[in-house]
Amino acid sequence: MKVFKTYDKVKFAVKGGGHSTNPGFSSTTGIQISMANFNELEYNSKTQNLRIGAGCLFDEVYKEIAQYKRNIVGGATAAGVGVAGWLLGGGYSLLTNQYGLGIDNLVEVSVVLCNGKSVKASAECNSDLFFAIRGGGNNFGIVTSFTVKTYPLGPIYRNMLTFPIDKATQVKEAIINYIDKCKDKKAAIVAAYRHFYIRGGQEDKITVDLFYDGPLPADNPFEELLELSDEKWINHELHDTADKKLAENFAFMDQLFSHIHDPSRVTAAPLDCPVYGTRFSLQTYAKNPSQAGVGEENVRARWGTVMVSHFTRKLLNEIEDQSKFAASKLKDNQGKSAVIDIWPFLPCMFDTSTATAWPHEKGQPNGPLLVCFQWEGESNDQYWIALMMQILRSIQRVAEAEGCTNDKLPKYCNTSLADTPVKDIYKKNLPKLMTIRAKYDPDDIMGRTGGFRIPLAL
Ligand SMILES: Cc1cc2nc3c(=O)[nH]c(=O)nc-3n(C[C@H](O)[C@H](O)[C@H](O)COP(=O)(O)OP(=O)(O)OC[C@H]3O[C@@H](n4cnc5c(N)ncnc54)[C@H](O)[C@@H]3O)c2cc1C
């Protein structure tokens, strides 16, 4: 930081897991500060808190913490996602209905400030900085470690169902029924319309990731979805004896996700991974190992988001229509994949919320409806970004008409397009954050990195 102060024209970027798709957010034409060597993981059995180095990826964090039969409020898929970016933006988790966002579970951070000093921030010490860091992204310095709460980890249930697109109507109905009926905080689903165009072939499917924080209860919230699945080998009783470690579950789910992104990697998947029979579907995929995948190419990507408080039938219809529309554009525009997620939360999702930079309050549910496109070739950037904006506008209109969104819902910086105004992210907290920025970064050093920049108060 001191060097940057001296060389005041040098641009830089801070990289955690490097998963931001917005150019310049953790990538740069200047100097990139990779946090990879800040990889410590320290579990304190007295406080039951975990200190996580800012270079850690969720993959390694889940593995470490599972040894202690503890869990953290962390990312829904590990797959190389950095803890740092995820936490600095907010952090939606499969445990959010129970324990809020990642930032609600942060106890302390260590930060290198823009004057080069290393400080700690918590509710007791530098509390203004602690408020600002929780959702404030890379505006206030470089975080070197995060201390987070942990929760008991027992047997959990996780599965991912894959449906052919011609079952879309039944799957949608089952998702609607799940949303209407399931009020169980321990249950979570993340469904997605996934369309791929890989080496001359189009693949269209719907995936539904199922998670239950415990053995499946007798009143199984996923019953209808499981019944719909052709994969009849799924054994509903397995949970009675299962005691699977979280890390194994996540590692395995990531193999499945990496198949979805990159079928060529499936050959390396461990087929003996003990997760509820999903390995059989992996074997099915593995029959076609020569298929090349997205990961081999020079793929470009963006995420965009419509923030929603809940999902309705009409909104799901719109998501399906828009995903089909995006899919129809893949072939002629070097598109690789078009994905739209449905991640429903319960109205109680923010009941345990704390005061943080990113506004999220009890009684105001707000989750990202995520759209993700991947394509090849810089010359196609404009096309795909324009298409994404068009699709987001269309979904937004329906969500507004359905009462699922409104202007008051803060945008989620971790999955928003780069041109999203900071006032739409921080809402009423923006003036306070501007004052805190002026205190901790008066020379606007962090202004030389990419990211959603909070202006300095005058
Ligand atoms: C497969 C996948 C799954 C995902 N699942 C979820 C999910 O379940 N829930 C959810 O909420 N989001 C999810 N996301 C989105 C995720 O939260 C963001 O992509 C997040 O930015 C990833 O963090 P990163 O460290 O990998 O990113 P990076 O690109 O490294 O960083 C993102 C931003 O944080 C800044 N930053 C990183 N480290 C530091 C640091 N130490 N100090 C200061 N600034 C720093 C960077 O400068 C950059 O602006 C997912 C993304 C992917 C790709």
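Select the ligand to begin: the shell of residues around the ligand takes at least three residues from each of domain 1 (2-153) and domain 2 (157-415), with domain bounds that come from an automatic or database domain assignment. This is a predicted model, in which local features need pLDDT of at least 70 and side-chain atom pairs count only at pLDDT 80 or more, while totals for chains, interfaces and linings use all residues. Residues are numbered from 1 along each chain as its sequence is written, and side-chain values use heavy atoms, with hydrogens and water left out.

Next, show the 30 residues around the ligand, of which Val14, Gly16, Gly18, Ser26 and Tyr412 come nearest; a residue belongs here if one of its heavy atoms lies within 4 Å of the ligand. By class, this shell has 15 nonpolar, 14 polar and 1 charged residues, where Ala, Val, Leu, Ile, Met, Phe, Trp, Tyr, Cys and Pro count as nonpolar, Asp, Glu, Lys and Arg as charged, and the others, Gly among them, as polar.

Now select Gly85, where a polar backbone atom is 3.0 Å from an oxygen atom of the ligand, and then Trp86, where a polar side-chain atom lies 3.1 Å from a nitrogen atom of the ligand. At Val143, a polar backbone atom is 2.8 Å from a nitrogen atom of the ligand. The protein covers 91% of the 950 Å² of accessible area that the ligand has on its own, by the Shrake-Rupley method with a 1.4 Å probe.

Colour strand E1 (12-15), helix H3 (83-89) and strand E8 (142-149), the elements that give two or more residues to the shell around the ligand; the largest share, 4 residues, comes from H3. Helices (H or I, at least four residues) and strands (E, at least two) are DSSP runs, numbered from the N terminus.

Finally, move to the lining of the second largest pocket, which has 18 residues, with Thr305, Leu392, Gln396, Lys411 and Thr420 nearest the pocket centre. Strand E13 (299-308) and helix H11 (381-401) are the elements that give two or more residues to this lining, and the largest share, 4 residues, comes from H11.

A pocket is an open set of points on a 1 Å grid over the protein atoms alone, where a 1.4 Å probe fits, with protein on both sides within 12 Å along at least five of seven lines, and lining residues have an atom within 4 Å of a point.

Definitions and conventions
Polar contact = N/O pair within 3.5 Å; in protein donor to acceptor, adjacent residues only side chain to side chain.
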